[in-house]
Every structure is written in structure tokens, then in C-alpha cells.
Amino acid sequence: MSDLRIDVVDGDAMLEQWRHVHNVIVPPAAMTPDEARERLGRGYRLENAYDGGVLVGCSTVRPPQGEEAVATVIARVLPEHRGRGIGAALYEKGLAHARGLGAGEVETVVLAANTEGLRFAAAKGFVERERYVLDGESDEWVDLRLVPSSA
């Protein structure tokens, strides 16, 4: 990683880049441009990661919700750029943003077939809470929560 930059998505071109990374990493949940724009309308923080000007990843922070003020932090790195600290940088920035919003707990969600993503989450202190398949679909998802001692 020579020159990592993480920027908040601003404008249609950056949103399209965010959507591209999202769709590569989680094809069962591929989004249309309108669906990606809707995420911004929900108050989600979307960011793109660039290494030397090359798009390498993206992240999503869903603001805290519910009695426990649970925020969701998701880091995604394109496969050819993994293992260089990009996911960790995206995760740390997203976690700091979630904490700044008052998150009491932090969760993430990973496609079960994404074994690298599950290993990454476990290495960051997340523990599996639930596996499920959405109605009418066949792909399994894993919800994980950050254990307090890892926060």
C-alpha cells in the first residue's frame, strides 16, 4: 500500500465506484444505481479507498439503531488488493465514525461464502451471532458482533 486515501462518497461518479466494489464483493446483493443512492438517503456513510489513485475498496457505516445503539461497519476490498492493510484501514476509519455517532455496539455482515471476509472479521474481534438465508434466496449471510474487549 503506497498511497492509501479513503474518501467519503460525493457525487454520482464516486457512488458508481462504491457500487462497483460492493457488487464485486457481494454479487448476490448487487445494487442498481438507485439502490445505492437510497443508501445515502438512509444516512449511511459510504466511503471509497484508493491506492495511488486506483480504486481498491469501499466501506459502509450504518448509523446506530435501537436500544443498544448498534451500528454496522462493513469494509470491502477488491480481491487483487487484499492482504495489504486496506481492509484494516477502512475498518478502523468506519469504527471511529460509528463510535463518533454514539454506537454502543458494532456489527458487521458477511456473505458466508466469503471465507476471507469471515477470517478478517474474526481477526478484528467479531463473533458470529447468526446465519440466515433471505426469503426467496439461496445465499447464506453471517451477522457478527464486535466483542466488547476488542472495541
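Figure 1. Glycine 102 is partly exposed, with a relative accessible area of 43%; by the cut-offs used throughout, buried means under 20% relative accessible area, exposed over 50%, and partly exposed in between (1.4 Å probe, protein chains only). The model is predicted: local features need pLDDT of at least 70 and side-chain atom pairs count only at pLDDT 80 or more, whereas totals for chains, interfaces and linings use all residues. Residues are numbered from 1 along each chain as its sequence is written, and side-chain values use heavy atoms, with hydrogens and water left out. Glycine 102 is placed in the loop between α3 and β5. Helices (H or I, at least four residues) and strands (E, at least two) are DSSP runs, numbered from the N terminus. Not counting residues up to four places away in sequence, glycine 102 touches Pro64 and Ala69, where contact means heavy atoms within 4.5 Å. A separation of 13 Å lies between the C-alpha atoms of glycine 102 and valine 73, which are 29 residues apart along the chain.

**Figure 2. Strand β4 and its two partners.** Strand β4 spans residues 70–77 and is mostly covered, with 7 of its 8 residues buried. Strand β3 (residues 54–65) runs antiparallel to β4 and is joined to β4 by 7 bridges; two strands pair if DSSP finds at least two bridges between them. Within this pairing, serine 59 stands opposite alanine 75 of β4. The hairpin of β3 and β4 has 4 residues between the strands, and glycine 66 takes a positive phi near 75° there. With strand β5 (residues 105–111), β4 pairs in the parallel sense over 3 bridges. Threonine 72 has glutamate 107 in β5 as its bridge partner.

**Figure 3. The β-α-β unit.** A right-handed β-α-β unit is made by β4, helix α3 (residues 86–100) and β5. A crossover is right-handed if, with the strands pointing away from the viewer, the path from the first strand over the helix to the second runs clockwise.

**Figure 4. The hairpin of β6 and β7.** Strands β6 (residues 126–133) and β7 (residues 140–146) run antiparallel and are joined by 7 bridges. Arginine 131 stands opposite valine 142 in β7. This hairpin has 6 residues between the strands, and glycine 136 takes a positive phi near 80°. Arginine 131 also forms a salt bridge with glutamate 140, the closest N and O atoms being 3.3 Å apart. A salt bridge is a side-chain nitrogen of Lys or Arg within 4 Å of a carboxyl oxygen of Asp or Glu. Arginine 131 counts as partly exposed at 39% relative accessibility, and glutamate 140 is likewise partly exposed, with a relative accessible area of 33%.

Figure 5. The structure holds 15 salt bridges. In one of them, the side chains of aspartate 12 and arginine 37 meet at 4.0 Å, N to O. Aspartate 12 lies in helix α1 (residues 12–25) and arginine 37 in helix α2 (residues 33–41), so the pair ties together parts that are 25 residues apart in sequence. Aspartate 12 is exposed, with a relative accessible area of 57%, whereas arginine 37 counts as partly exposed at 38% relative accessibility.

Figure 6. The side chains of arginine 145 and glutamate 107 meet in a salt bridge at 2.7 Å, N to O. This pair links distant parts of the chain, with arginine 145 in strand β7 and glutamate 107 in strand β5, 38 residues apart. Arginine 145 counts as buried at 10% relative accessibility, as does glutamate 107 at 17%. Both belong to a network of salt bridges that links Glu68, Glu107, Arg129 and Arg145.

Figure 7. The structure holds 2 aromatic pairs. Tyrosine 91 and phenylalanine 120 form an edge-to-face pair, at 6.5 Å centre to centre and 85° between the planes. Rings of Phe, Tyr and Trp (its six-membered ring) pair if their centres lie within 6.5 Å; planes under 30 degrees apart count as stacked, over 60 as edge-to-face and the rest as tilted. Tyrosine 91 is buried, with a relative accessible area of 4%, whereas phenylalanine 120 is partly exposed at 30%. Tyrosine 91 and phenylalanine 126 form an edge-to-face pair too, at 5.8 Å centre to centre and 70° between the planes. Since tyrosine 91 lies in helix α3 and phenylalanine 126 in strand β6, this pair ties together parts that are 35 residues apart in sequence. Phenylalanine 126 counts as buried at 5% relative accessibility. Tyr91, Phe120 and Phe126 form one aromatic cluster.
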